[in-house]
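Here are my comments on the model you sent, written as numbered points. Please keep the structure open beside them as you read.

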Amino acid sequence: MNIAVPEVFASHRLLLMYKGDISALTMFAQQAAGSVCFPQSLPPLSVAFDEDATVNEGKITVHPATLVSAINQIMGFDNDLLYAEAGYKEYVDTPKGIVTVYMARFKLLDPPHRLMQTLGCQMRTLPELRGRPPAEMELLRRAYTKMMEG
């Protein structure tokens with residue numbers, strides 16, 4: 001995705017996920033370059049903070065709905081295609097500072113395979129995403145756990 005990334009994404013990312021209401025099929029969007037973080041990947045050497053870690057971001061936080069609105073615009077989605085998944089907020093330590101990661105969920109009955117393919121992206125299950133960098137794998141594991149418990 002060759003896009004102009006708004007400043008807000010310098011310290012924030014989104015995971016884009018689909019969960020079937022009937023089947024519980026859970027899939028995550030993956031960019032052509034492999035990252036599951038949107039709109040850009042995490043820098044190399046990024047590490048997810050422990051789940052129970054308290055992080056002082058030291059700045060004004062951005063509401064996840066603002067990020068979802070921005071990603072809808074960046075990707076050319078309808079404004080109501082994604083919504084912020086409540087309760088998912090993770091922190092990643094990167095060489096450029098702390099990045100806060102939220103999750104956005106597709107409001108669709110079926111996985112958005114065709115839509116994501118038009119953007120050079122794929123919808124993948126967790127096993128299909130094995131081999132991603134450790135920070136991304138930990139974010140995915142936590143997201144999957146959150147979706148299955150919620």
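This is a predicted model: local features need pLDDT of at least 70, side-chain atom pairs count only at pLDDT 80 or more; totals for chains, interfaces and linings use all residues.

1. Strands E5 and E6 form a hairpin in which 2 residues lie between them, where strands, written E, are DSSP runs of at least two residues and helices, written H or I, are runs of at least four, numbered from the N terminus.

2. Residues are numbered from 1 along each chain as its sequence is written, and side-chain values use heavy atoms, with hydrogens and water left out.

3. E6 also pairs with E1: 6 bridges join these two strands, which run parallel, and leucine 16 stands opposite alanine 104 in E6. Is E6 mostly covered or mostly uncovered? E6 is mostly covered, with 8 of its 10 residues buried, where buried means under 20% relative accessible area, exposed means over 50% and partly exposed lies in between, using a 1.4 Å probe and protein chains only.

4. The largest nonpolar core has 23 residues, and those with the most contacts inside it are Leu14, Leu16, Met75, Phe106 and Met116; such a core is a set of buried Ala, Val, Leu, Ile, Met, Phe, Trp, Tyr and Cys residues joined through side-chain atoms within 4.5 Å. Strands E1 (12-19), E2 (26-30) and E6 (97-106), together with helix H1 (64-75), each supply at least two residues of this core, and the largest share, 6 residues, comes from H1.

5. Methionine 116 touches Ala29, Phe38, Met75, Phe77, Phe106, Cys121, Gln122 and Met123, if residues up to four places away in sequence are not counted; contact here means heavy atoms within 4.5 Å. A second, separate core has 17 residues, including Val36, Leu129, Ala135 and Leu140.

6. Arginine 124 lies in strand E7 (residues 122-124) and is partly exposed, with a relative accessible area of 26%. Leaving aside neighbours within four places in sequence, arginine 124 is in contact with Thr26, Met27, Phe28, Gln30 and Leu129. Its side chain makes a polar contact with the side chain of glutamine 30 (3.1 Å), a term for a pair of N or O atoms within 3.5 Å in which, within protein, one must be able to donate a hydrogen and the other to accept it, residues adjacent in sequence counting only if both atoms are side-chain atoms.

Conventions:
Two strands pair if DSSP finds at least two bridges between them.
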